[in-house]
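These are my notebook entries on a structure that I had not examined before. I set down each point as I looked it up.

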Amino acid sequence: MIEKHIVLDDVDLVTFYGVNNIHLQMVKALYPKLRIVARGNIMKVLGDEEEMCAFEENIERMRQHCVKYNSLNEEAILNIVKGVTAKPAGDAATICYSVTGKPITPRSENQRLLVEAYQQNDMIFAVGPAGSGKTYMSIALAVRALKNKEIRKIILSRPAVEAGEKLGFLPGDMKEKIDPYLQPLYDALQDMIPAQKLTEYMEQNVIQIAPLAFMRGRTLNDAVVILDEAQNTTTQQIKMFLTRMGQNTKMVITGDLTQIDLPRAIRSGLKEALVVLKDVPGISFVHMSEKDIVRHKLVTRIVNAYDAYDRRRAEAEPRLFADHDK
């Protein structure tokens, strides 16, 4: 008789043990010769050495399955114990899996180009309209890299540009004032990482979400760093951000040049960076369009309607000035 302690790293315990420990009870039933006691992320196992070896191998496979697919069920447990290879839905294009076990894959040609650019370059600019999947795909790539232990942390940032309300007049402390600007990043993470594990990652600073101003003075190593809504950065801000890049780090900068909220007198740092950095080796640029929009079909129609309106205004302005000069 031997005793072993098995540590379950990087796994969401609610998903692994199941609701009301249903998965744990099933595992105990499959290994009646072993005495299994689970306390948090540690499993204490007592029993025959040969049975213990098989149990330890299969628990590790269950752990890997749970981390990769964000799910574990009775069928998967039985397949692992029986040695049957059965993969959930997905294909070679799958980046990672949502908390419901749904494969997250590129849904348009330019989204696929973004994935390829990420694999081939350390800095990627993804520019396109709302709903084209720039941020979601970028965060999915970062989550995959974290799960594969290619990096040690994910850092997500946004410029906290005021739109209608001044930060000082919003209720709460600094975090509560800033969180509404960062909510889209939280939404994407919550779709890909179980809630308990996401809370743990954020408490341990494995995943960091912060406004752009908090990046000054840092060197970001072993990370995927994503700057969202970069069209609202100034030249100084985006230069500061890009020069934070450290060793074994990838940066993804996303933005929509049609949604610049800066005062008219201030030039968008993203717009300028696209010109300044266009010929720099190691930097990739992916330009998305309304064809890549994967939200409700009305979003595409709204974007097209505003584009047409902007074109009509641009064409009308020279005529107005010409009439005024007369």
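**Entry 1: cysteines**

Is C96 buried or exposed? I looked up its relative accessible area and found 5%, so C96 counts as buried, the cut-off being under 20%. I note here that the model is a predicted one. For C53 I found a relative accessibility of 38%, which places this residue in the partly exposed class. I then searched the whole structure for disulfides and found zero.

**Entry 2: the chain as a whole**

I turned next to the overall composition. The chain has 326 residues, and 45% of them count as buried. I listed 11 helices and 11 strands. I also looked at contacts between residues at least 6 apart in sequence: 70% of these join residues at least 24 apart.

**Entry 3: R63 in helix α3**

Which residues does R63 contact, once its neighbours within four places in sequence are left aside? I found L8, D9, D10, V11 and F16. R63 belongs to helix α3, and its relative accessible area of 14% makes it buried. Its side chain reaches the backbone oxygen of D9 at 3.0 Å. I also looked up the C-alpha separation of R63 and L8, which is 7.0 Å although the two residues are 55 places apart along the chain.

**Entry 4: aromatic pairs**

How many aromatic pairs does the structure hold? I found four. One of them joins F16 and Y17 in an edge-to-face arrangement, with 5.6 Å from centre to centre and 75° between the planes. Both F16 and Y17 are buried. F16 was already in my notes as a contact of R63.

Another pair, Y31 with F55, is also edge-to-face, at 5.2 Å centre to centre and with 85° between the planes. This pair links distant parts of the chain: Y31 lies in the loop between α2 (22-30) and β2, F55 lies in helix α3, and 24 residues separate them. Y31 and F55 are both buried.

**Entry 5: strand β6**

Why is strand β6 described as largely enclosed by the rest of the structure? Five of the five residues of β6, which covers residues 123-127, are buried, and therefore the description holds. I checked which way these residues point: M123, F125 and V127 face one way, I124 and A126 the other, and all are buried.

I then looked up the partners of β6. With β10 (residues 249-255) I counted five bridges in the parallel sense, and A126 has T254 as its bridge partner there. With β11 (residues 283-287) the pairing is parallel over five bridges, and here I124 is partnered by S284.

**Entry 6: T249 in strand β10**

T249 has its place in β10. I found it buried, with a relative accessible area of 4%. A polar atom of its side chain lies 2.6 Å from the backbone oxygen of L220. A side-chain polar atom of T249 also lies 3.3 Å from the backbone nitrogen of D222. Not counting residues up to four places away in sequence, T249 touches D122, L220, N221, D222, A223 and V225.

**Entry 7: helix α9**

Last, I looked up helix α9 (residues 235-242) and recorded its buried residues as I238, M240, F241 and L242. Their cover includes β6, β9 (223-227), β10 and α10 (269-276). Two of these elements, β6 and β10, I had already noted as a parallel pair.

Terms used. Residues are numbered from 1 along each chain as its sequence is written. This is a predicted model: local features need pLDDT of at least 70, side-chain atom pairs count only at pLDDT 80 or more; totals for chains, interfaces and linings use all residues. Side-chain values use heavy atoms; hydrogens and water are left out. Buried means under 20% relative accessible area, exposed over 50%, partly exposed in between (1.4 Å probe, protein chains only). Helices (H or I, at least four residues) and strands (E, at least two) are DSSP runs, numbered from the N terminus. Two strands pair if DSSP finds at least two bridges between them. Contact means heavy atoms within 4.5 Å. A polar contact is a pair of N or O atoms within 3.5 Å; within protein, one must be able to donate a hydrogen and the other to accept it, and residues adjacent in sequence count only if both atoms are side-chain atoms. A disulfide is a pair of cysteine sulfur atoms within 2.5 Å. Rings of Phe, Tyr and Trp (its six-membered ring) pair if their centres lie within 6.5 Å; planes under 30 degrees apart count as stacked, over 60 as edge-to-face and the rest as tilted.
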